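Dear colleague,

Please find the structure below, handed over for your own work. What follows it is a short account of what was found.

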Amino acid sequence: MKTHLFGLIALLLITLTVGLASSNFVYADTLTTSASAGVMIQQPTPTPITQFESEIGSTDGILVMGIVIVLIVTLPILFRRK
């Protein structure tokens, strides 16, 4: 019974993988009804004004977030052992 279930799951995964990979090769032109359909959907929008400008390459926020995550994980483990 397990071999049939494993085979069925493997077949479904292979089918899903092949289906998604083959859908990657379909050109967008064949999906539209006319050549101008894609042009009508695209409307130019103004660039939004940035309210907060961060320094390029700054990782201070990522560092703080990493420290907070480590504390959230380790503090309950430390207090439970005592």
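Valine 68 has a relative accessibility of 42% and therefore counts as partly exposed, since that class takes in values between 20% and 50%. Please keep in mind that this, like everything else here, comes from a predicted model.

Valine 68 sits in helix H4, which covers residues 60–81, and Val68 is also one of the members of a nonpolar surface patch, together with Ile62, Val64, Met65, Ile69, Ile72, Val73 and Ile77. Taken together, the residues of this patch have about 750 Å² of accessible area.

As for the protein chain as a whole, its secondary structure consists of four helices and zero strands, so that the order of elements from the N terminus reads α-α-α-α. The chain has 82 residues, of which 0% count as buried, and it exposes about 8,600 Å², with carbon and sulfur atoms supplying 71% of that area.

Terms used. Residues are numbered from 1 along each chain as its sequence is written. This is a predicted model: local features need pLDDT of at least 70, side-chain atom pairs count only at pLDDT 80 or more; totals for chains, interfaces and linings use all residues. Side-chain values use heavy atoms; hydrogens and water are left out. Patches are made of residues with over 30% relative accessible area and no salt bridge: like charges are joined within 9 Å, nonpolar side chains (Val, Leu, Ile, Met, Phe, Trp, Tyr) within 5 Å. Accessible areas come from the Shrake-Rupley method with a 1.4 Å probe; for residues, only the protein chains shown count as cover. A salt bridge is a side-chain nitrogen of Lys or Arg within 4 Å of a carboxyl oxygen of Asp or Glu. Helices (H or I, at least four residues) and strands (E, at least two) are DSSP runs, numbered from the N terminus. Buried means under 20% relative accessible area, exposed over 50%, partly exposed in between (1.4 Å probe, protein chains only).
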